[in-house]
Amino acid sequence: MPKLFDNVQIGFVACRIGMRKVGLTVLAWALKVCYRPVIIIRDQYQVLCLGLQGSGKTTALASLVGESVSNIEPTTGFNIKTLPLKDTIVDIKELGGSEIVRPFWNKYFEGQHGILYVIDAAADEEILKEAVKILQEVKIHLGF
Ligand SMILES: Nc1nc2c(ncn2[C@@H]2O[C@H](COP(=O)(O)OP(=O)(O)OP(=O)(O)O)[C@@H](O)[C@H]2O)c(=O)[nH]1
Ligand SMILES: [Mg+2]
């Protein structure tokens, strides 16, 4: 038969374990609320995404950033995606590829670190030739 003193001791130990659990829960909650991983961004690059209408620019960019590729509409104006790569951010700006908007592409060249030119490899010969011709025009504008 345990004495009163033993019961008090068992109760005290149980209470301490309980308090520890509560303490750990509070600590975990506080860490969850307050802890924000610090990511130092060292570099940020601007990339222009070009290519003929329907070559797959929007689809390629959506899959690159892990978005759904269903229900993709032709791009009117531009479409911007941000691609985080470790401590680097790449901002990719896609411009629509229709004949009407292509003359305005060169207005967006300034300040870009690179060009991502998309060609539909499954396109027929004529479209492939057109894609290469337009790419050459872009290169001339850029001074290559
Ligand atoms: N099967 C297949 N379809 C694709 C692929 N890429 C794009 N498409 C389809 O081709 C069509 C045009 O794709 P978009 O990504 O809108 O092409 P875009 O170059 O952004 O076109 P614009 O914005 O109009 O210049 C869409 O219906 C896409 O679903 C691909 O790799 N495979
Ligand atoms: Mg598009």
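Okay, starting at the N terminus, the elements of the protein chain go α-β-α-β-β-β-α. That comes to 3 helices and 4 strands. Those words refer to DSSP runs, numbered from the N terminus: helices are H or I with at least four residues, strands are E with at least two.

Quick housekeeping. This is a predicted model, where local features need pLDDT of at least 70, side-chain atom pairs count only at pLDDT 80 or more, and totals for chains, interfaces and linings use all residues. Residues are numbered from 1 along each chain as its sequence is written, while chains are lettered from A and ligands numbered from 1 in the order in which they are written.

How much of the chain is buried? Buried residues make up 12% of the 144 residues. Here, buried takes 20 or more other C-beta atoms within 10 Å of a residue's own, exposed takes 12 or fewer, and partly exposed is in between, with C-beta atoms placed from the backbone. Now for contacts, meaning two residues whose C-beta atoms, placed from the backbone, lie within 7 Å. Of the contacts with a separation of 6 or more, 63% are between residues 24 or more positions apart.

On to the annotations. An unreviewed UniProt entry gives a "binding site" covering Gly51, Leu52, Gln53, Gly54, Ser55, Gly56, Lys57, Thr58 and Gly97. These are spread over 47 residues of sequence, yet they cluster in space, with a largest C-alpha distance of 11.4 Å. A bit of caution: UniProt positions are in the numbering used here, feature names are shortened, and annotations may be inferred rather than shown by experiment.

Let's zoom in on two of them. Leu52 sits in the loop between strand 1 (43-51) and helix 2 (57-64). Why does Leu52 count as buried? Because it has 23 C-beta neighbours inside 10 Å. Leaving out residues up to four places away in sequence, Leu52 touches Gly97, Ile127, Glu130, Ala131 and Ile134. Lys57 is in helix 2, and with 26 C-beta neighbours inside 10 Å, Lys57 is buried too. With the sequence neighbours up to four places away set aside, Lys57 touches Cys49, Gly51, Glu94, Gly97 and Val118.

The unreviewed UniProt entry also places a "binding site" at Thr58 and Thr75. They span 18 residues of sequence but cluster in space, the largest C-alpha distance being 7.5 Å. Thr58 belongs to helix 2 and is buried, with 22 other C-beta atoms within 10 Å. Thr75 is in the loop between helix 2 and strand 2, and Thr75 is partly exposed, with 18 such atoms within 10 Å. Beyond four places in sequence, Thr75 is in contact with Thr58, Glu94 and Gly96.

Now the ligand. Which residues come nearest to ligand 1? Of the 13 around it, they are Gly56, Thr59, Pro74, Thr75 and Gly97; a residue is near if its C-beta atom, placed from the backbone, lies within 6 Å. Helix 2 gives the most to this shell, with 3 residues.

Asn71 has phi near 60°, a positive value in a residue other than glycine, and Asn71 is exposed, with 5 other C-beta atoms within 10 Å. Lys86, also not a glycine, has a positive phi of about 50°. Lys86 is in the loop between strand 2 and strand 3 (88-95).
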